[in-house]
Structures are given as C-alpha cells and as structure tokens.
Amino acid sequence: MIACWVGLVEGRVRRDQAHAWAAQWSEAQDIHIHDPLVRSALLRLHGFDMTYVSAQGKVMRHGGQGEFVYSITDIASALEQRHQDCAAFDSDPADFLAGKREAARAYRRNQGEV
C-alpha cells in the first residue's frame, strides 16, 4: 500500500492505477478490513483520482477530464500524516482512536449535524 502511495507521489504510479489497485479492497463486498489505518489508507488511495465535474467544484467523480481534487502536494501531505498517525497509533491505540472519534464528533457539531 505504501509503495503504491509513494509511487503516486513520485510519479511512477498514475492516479487511475492507484485507484484500481485500492479498489480491489475498498470496493469489495466480501472483504472486511478491520485495521482502521489500513482501511483509511485504502480509501484515500482510492479517492486520489477524484476530479471536479463542475466549475463550481461541487460535483466530483473518479477519474475523467477535469481538475484533480487533490494535488500531488496534498497527496504527499496525506502520506506524511499517515506516517504520523501510524506512529501515534502504535504508541497508544486506544488514545489514538479516541482522539479520532472526538475529532469526528467535533466536525459533525461544527457542521450542525449533532
């Protein structure tokens, strides 16, 4: 997974290739990935091919013509964040997951959902 992500950042892997590679697991109905960091990383790789369909940036799709939603800089930053998340998880899994849950709740509160 990391080799695919690094290849994408370095230009050795195209976005559609990373999408297809991750889709084996992220789109599969009969595969359940229990590790939250692996599941999250696969979903990120699966989505790095997203392009804007509309000029207003409100409609997106996988691949095709249009401006990419994520720049290569965004993808590289996400990879660095993943490395940091893995280190934090390895240090204290329960605390890491509690922090992520709280961040999700705070986001929902800010969006007026809770």
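I started with α3 and α4: their axes come within 11 Å and cross at roughly 175°. That makes α3 roughly antiparallel to α4, since angles over 145 degrees count as roughly antiparallel, under 35 as roughly parallel, 65 to 115 as roughly perpendicular and the rest as oblique. For the axes, I used lines fitted to C-alpha atoms, for helices over the stretch in contact, with angles from 0 to 180 degrees between N-to-C directions. On the α3 side the contact is made by L37, A41 and R44; α4 brings A78, R82, D85, C86 and F89. Contact here means heavy atoms within 4.5 Å. By class I get five nonpolar, no polar and three charged residues for α3 with α4. Nonpolar covers Ala, Val, Leu, Ile, Met, Phe, Trp, Tyr, Cys and Pro, charged covers Asp, Glu, Lys and Arg, and the others, Gly among them, are polar.

Note on provenance: this is a predicted model, where local features need pLDDT of at least 70 and side-chain atom pairs count only at pLDDT 80 or more, while totals for chains, interfaces and linings use all residues. Residues are numbered from 1 along each chain as its sequence is written, and side-chain values use heavy atoms, with hydrogens and water left out.

**Overall layout**

I read the order along the sequence as α-α-α-β-β-α-α, that is, five helices and two strands. These are DSSP runs numbered from the N terminus (helices H or I, at least four residues; strands E, at least two). The C-alpha trace spans about 40 × 35 × 30 Å along its principal axes. Of the contacts with a separation of 6 or more, 43% are between residues 24 or more positions apart. I also looked up burial: 27% of the 114 residues are buried (under 20% relative accessible area; exposed is over 50%, partly exposed in between; 1.4 Å probe, protein chains only).

**α4 against α5**

Next I checked α4 and α5, whose axes come within 5 Å and cross at roughly 125°. The two are therefore oblique to each other. D85, A88, F89, D90 and S91 of α4 meet P93, F96, L97 and K100 of α5. I note five nonpolar, one polar and three charged residues in this contact.

**Largest pocket**

How big is the volume of the largest pocket? It is about 240 Å³. A pocket is an open set of points on a 1 Å grid over the protein atoms alone, where a 1.4 Å probe fits and protein lies on both sides within 12 Å along at least five of seven lines; lining residues have an atom within 4 Å of a point. The volume is the space filled by probe spheres set on the points, which are joined across faces, edges and corners. The lining has 14 residues, and P36, L37, S40, D85 and K100 are the closest to the centre. α3 (36–47), α4 (72–91) and α5 (93–110) each give two or more residues, and α3 gives the most, with five. The lining splits into seven nonpolar, two polar and five charged.

**Two residues**

I picked A41, which sits in α3. A41 is buried, with a relative accessible area of 2%. Leaving out residues up to four places away in sequence, A41 touches M1, W5 and R82. A41 and M1 are 40 residues apart in sequence, yet 7.9 Å apart C-alpha to C-alpha.

I then looked at K58, in the loop between β1 (50–52) and β2 (60–62). K58 counts as exposed at 72% relative accessibility. From K58 to W5 I have 53 residues in sequence and 26 Å in space, C-alpha to C-alpha.
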